[in-house]
Amino acid sequence: MGAATQQPLSRTTGLNHAICAAVYCWLRKGLPVLWSCLFFCSAALAQTSETPETALYYGSKPPVELLQAFDVVVLDPSRATPPDASHTPLTQWAARIRLTQNLSTAQLQKQIEQYWAKGYRGFLLDDGAGLLNETPQQSAAMEQAIKTVHAAKPQAHLLVRNHLDTAKAHANTLDTIIVDSLYRQRQGYSGLQARVAEGTRHEALEHIRQLRNAGPHVVAVDYCPGTDRQCRQDVAQQLQEHNVQPYVTSTDLGTIGISHLEVMPRKVLLVQALAQDVHLDDSTGIKTLAMPLNYLGYDIDYLDLNRDSLPTHVGTDRYAGIVVVLDDTVKQPGQWQQWLLQRIREGMPVAVTGSFGFTIDASAATALDLDLVTKPRPTSGRAQITKQADLMGFEALPAPDLRAVVGIQAKDASKTLLGLENGDYAYDAAALTNWGGYILAPFATVSQDAVGAYRLGFQPLEFFRKALRLPDMPVPDVTSENGRRLMFTHVDGDGFVSRAEFQPEYGKFSGEVLHDHILTRYPIPMTVSVIEGEVARTGAYPELSDELEPLARRIFALPNVEIASHTFSHPFFLRQIDHQTGERVKPFYQTAEEKADPFSLPVPNYQFDLDREISGSIDYINQQLAPAGKTVGTLLWSGDAMAPELGLRKAAAAGVFNMNGGTTTITHSNDSWTRIAPYGVSKGDGADAYQVYAAVMNENVYTNDWLGPFYGFKRVLETFDMTNEPIRFKALNIYYHFYSATKEASLKALREIFDAALHQPVSPVYATDYIKRVLQWRRASVARRDNGWIVRGGPDLRQWRWHGDGVPALSQATGLAGYRPGPGGLYIHASNNQAAFSFTNQPDNDLAYVHDATGFIKDLQRNGRSVEFELGGYYQPEAEIRAPSTCHPTVSQGDVQAQRTAQGWRIRVPGNPAKPMSWHTVGVLCD
C-alpha cells in the first residue's frame, strides 16, 4: 500500500478498509466520482475505523507541521492558503465558505472554482446559524448551497456547520457535520463564551445519533481559552463520553484544538539578544543548546530581542516551551520582562540560561515565585557550593563569580540545582521551578575565550526535559534508517583546478585523482559539486577550461554521483551579504580573516551578484556539464557558509536543496557537546528559509585550515564515534574538498576514512536523501490518541526514536516494520509516511518483524505473524528479520539471498547506487 492508503487507527487490514471506504463513498456520491472517492477515502476515511480527524483553523500562517496530523483541516481562505499538497499527502484542506444573504449562486460557484484552483479539496458551508435555531430562510439557502457545491465538485469533501435537520435530509451528499457548540458557545471573535443550555445539548445529541445512523461524520466543535490546554483536554473528554468526535479550540479558532488526537507541539522558541557584530550562525544558542533541543525532537524558532519584534502568538498549542539564552545586554528589558512574565502566566514552560535579561526585583521575584535575598550582596570572599544536583557540572563547573550573583532563592515547591553560600549570604544559581527552571551565569555555558570554544555547565537533555516538562513521545530521527546509521558524502568544489603533488599522480588535476581513487573505488552514493568560477571559461582560469569541463562531465556521468553547485565565485564571507537585499555589505566590524582575505575567487570583471552565484551557477552546470537525465539537486554553501535568508529563498526558487555550515568537530581533545551543531537553522518564515547544516565538518577544519598535518582528517573518525555512542546525535557524513586529492597524506587519510566507515553498520544515501529527511523532520507530527501514538513523517523520513519504557505492540500497530534498541533509545521503523502504535512490556515474540535494514522498506504488509515488503538500497542492501524458528523466508527473485541467524533471517538483495532504485519483494512466512 502506498502513502495514500496508510491507516493509523484501522482495526482491519488496509486493503479491506480502503475498499469499504471507497464503496461507501461511491454509494453516496455516485459512479462518476468513484476514482476520486477511492483516492480520498483511502487517504482519509480509511485511516480510522471511526471518522477522519477534522480540525478547524481560522488564523493566518497556519502551523502546517501541527495541522497535518489531522485528516481534514478547514481554513479560512481570507486569512490563509493551503500548503503544497506534496508536503501533506495525508491531509485534505477545506475552505470555509461564508454564506451571506447577498451571496448569489453564481458568486458561490465562482468561489468554489477559485478555492479549488488554490488547492482546496473540501468546502465547509457556514452561514453563522446557531445550534438548532436556523430560520426557514437559512435552511433553504443552505440546501441550495449544498446542491451547488455538490454539482460543481462532487468529489469534494463537503462539510456543513449546524443545520442538523438539513444535514439529515442531505445525508447522502454530506461528508461531515460540524456541530457548534454543545458546551460553550462563542460570541463572534471577542473571546467571550456563553454556556449552552442543557436542554439544547440533549436535543442536539439526539440529532447527532440520528445523523450518525444516516452516514455523515459528526464533529462537535467546542471552545476554551486559548491558553488553557487543560480545559481543552477536559472538554474533549466530555464530548467523547457522548460518543462524538470532539474538536476543542479557542473562540477565534486560532489554536490547534484537541480531538481524539492531542497533537504534541514540536517547536521551541529560543530567545537571544545578539550584539551588532554577532551573526545568528555564530550565536551562543546555536553553538551550545540548539543541538540538544533538536535531539529531543524539537525544531527551533529564533528570536533576537535586539532586532526582532516580540511575537504575539506563542501558545502552548504550538510551542513546547521557551528557552532563554542571554549572554549580552537586552536593549528594552522592561518590555521583555512584561512579555516573558505574561507567557509564564499563560502556562508556557520557560528555561532560562545565563541571565533573565532584566533585574530581579521584588515584583519580578513574586511573579517568578522566587524569594528575593534581602541581605547586602557580599563584595569579597568566595562562595561555597552547598547543594549540587547531578545534572550540574556536566562538562565544567566554574568558580562562582561575585559579579554575576543574583540574589534569589527557590521556594520549597521548587528544586534547587545549585545552591551557594558566601558567609551568611545564600542564593540559588540554578533551580527547577513551577514555571520551568533557570541556570544563571557563569554556570550555564562556559566560554573558553582563549580557544574560541564553550563548555556546558549542565546536562542539557536532562535539564530541558525537566524544566520544559517535555513528555515522553516518539521523536522523528534523521540519523538513521531502519536502525542503521545513515552515511552520506559530499564534496565541495574547491581545488578542482589544483594538481596532485605526489607520484605517480603528479601534475594531474585533483578531479582526475579523486575520480580514480575515491569516486570509482567506492560504489556508494556521492554528492559532488564544482565552482563555476574555477571550471568555466567565464571564471578565473579560462585557459584551463578545455581540460576541466570534460573532467567535470566525466565525474557527473558516474552512476553513483549526484550533482551539486558550489556557487559561481565561491564567496568566502556570506555573512557580508545582506539578508534582505542580497548585496554585499561590509560590516562595521571585520574579523582579521575578513580583512586579510579577498571576498571571493578573482573572477575578471565580476561584481558580486547573488542570482549569478545561485541560479547562474546551477544553469551553467545543467546546460554545460550535466549528462542527460541529471540536474543539479543541491547548492552547497561556500566560505563561512552563513547563508543569508534571501539566498536560501533563491536556492529554493531555483528548485534545489541547500546545505553546509555547522561546526560538528567534537574529538577526544575537544570533547564538548558544544562542538556538535544542530541539524540546521531557520532564518525566516517558511520551509524555503531553512539552512540545512552538514552533519560533520570537512577536512579543512581537521588540518588547521589546510596548513597541516594533511593526514589530520583521520581525526574525523573520532567525531563519527563520538556522535554515535553513547548517543547517536548525527548521521555519518564524509565531507571534503577536491584539494584532498592533491597530497598523498590527505588522499590516504580519505581512503582510510571511507574504509573505516564502510566497515560499520551504515546505510549509505545521497546528500539529498539526508536533506529531505531534515526538512521532513521539521514538519513531522506526533499525536497522542488514548494510550497510543499516531506519527506522520514523510516519504523519506521513516525513523522514529523512543526514550521511554516498552516496545511497540506490533500486532496492534499499523504502518510499522519493526524496531531495534540503539544508541540513546529504541529505534522504531515506520514502513510508510505514517504509523500508529502503542507500547507494551510484553513483546510480540511470536511474529516476524524487521530488526534492522541497510536500505529502504516500502509497501509492508503484515498477515498475522508473517510479514512481506519491498526492499531496496544503494549499497549492499539487507534486512535482518527477527522471527520464530518455525518461520521461513519467501523471495520472488533468484538473486535474493536468505541466511539463517540465531534469531531469524538475514535477507540480502542486489544494490545499485544509480537512480531509480530497484526493489525486491521479500518476506518471512510464519503461518
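Mentor: Let us begin with one residue. Aspartate 84 is partly exposed, as its relative accessible area is 43%; buried means under 20%, exposed over 50%, and partly exposed in between, with a 1.4 Å probe and protein chains only. Aspartate 84 sits in the loop between strand E2 (72–75) and strand E3 (92–98). Helices (H or I, at least four residues) and strands (E, at least two) are DSSP runs, numbered from the N terminus.

Trainee: How far apart are aspartate 84 and aspartate 796 in sequence and in space?

Mentor: They are 712 residues apart in sequence and 17 Å apart in space, C-alpha to C-alpha.

Trainee: What should I know about the model itself?

Mentor: This is a predicted model, in which local features need pLDDT of at least 70 and side-chain atom pairs count only at pLDDT 80 or more, while totals for chains, interfaces and linings use all residues. Residues are numbered from 1 along each chain as its sequence is written, and side-chain values use heavy atoms, with hydrogens and water left out.

Trainee: How many helices and strands are there in the chain?

Mentor: The chain has 22 helices and 49 strands. Its C-alpha atoms fill a box of roughly 90 × 80 × 65 Å along the principal axes.

Trainee: What does the radius of gyration tell us about the chain?

Mentor: The radius of gyration is taken over C-alpha atoms, and the globule rule is 2.2 Å times the number of residues to the power 0.38. For 927 residues a compact globule would have a value near 30 Å; the chain has 30 Å, which agrees. Of these 927 residues, 61% count as buried.

Trainee: How much of the contacts in the chain with a separation of 6 or more comes from residues 24 or more positions apart?

Mentor: Contact means heavy atoms within 4.5 Å. Residues 24 or more positions apart account for 71% of those contacts.

Trainee: How should I read a pair of aromatic rings?

Mentor: A pair of aromatic rings is described by the distance of the centres and the angle of the planes. Rings of Phe, Tyr and Trp (its six-membered ring) pair if their centres lie within 6.5 Å; planes under 30 degrees apart count as stacked, over 60 as edge-to-face and the rest as tilted. The whole structure holds 30 aromatic pairs. One of them joins phenylalanine 356 and phenylalanine 358, a tilted pair with 6.0 Å from centre to centre and 45° between the planes. Phenylalanine 356 is buried at 3% relative accessibility, and phenylalanine 358 is buried at 10%.

Trainee: How are the rings of tryptophan 706 and tyrosine 739 placed?

Mentor: Their centres are 4.7 Å apart and their planes lie at 45°, so the pair is tilted. This pair links distant parts of the chain, 33 residues apart: tryptophan 706 is in the loop between helix H19 (699–702) and helix H20 (716–722), and tyrosine 739 is in the loop between strand E33 (732–737) and helix H21 (744–758). Both tryptophan 706 and tyrosine 739 are buried.

Trainee: Is helix H13 largely enclosed or exposed, and why?

Mentor: Helix H13 (residues 510–519) is largely enclosed by the rest of the structure, because eight of its ten residues are buried. Among them are Val513, Leu514, Ile518 and Leu519. The buried residues of H13 pack against strand E26 (484–492), strand E27 (526–530), helix H15 (545–556), E33 and H21.

Trainee: Which residues does alanine 552 contact, leaving aside its neighbours within four places in sequence?

Mentor: Alanine 552 lies in helix H15 and is buried, with a relative accessible area of 1%. With those neighbours set aside, alanine 552 is in contact with Phe496, Val530 and Leu625.

Trainee: Where is there a cis peptide bond?

Mentor: One joins glycine 708 and proline 709, with omega about 5°; proline 709 lies in the loop between H19 and H20. The bond from aspartate 180 to serine 181 is also cis, with omega near 15°.

Trainee: What is the phi of asparagine 243?

Mentor: Asparagine 243 has a phi near 65°, a positive value in a residue other than glycine. Asparagine 243 is in the loop between helix H8 (229–241) and strand E10 (245–249), and counts as exposed at 54% relative accessibility.
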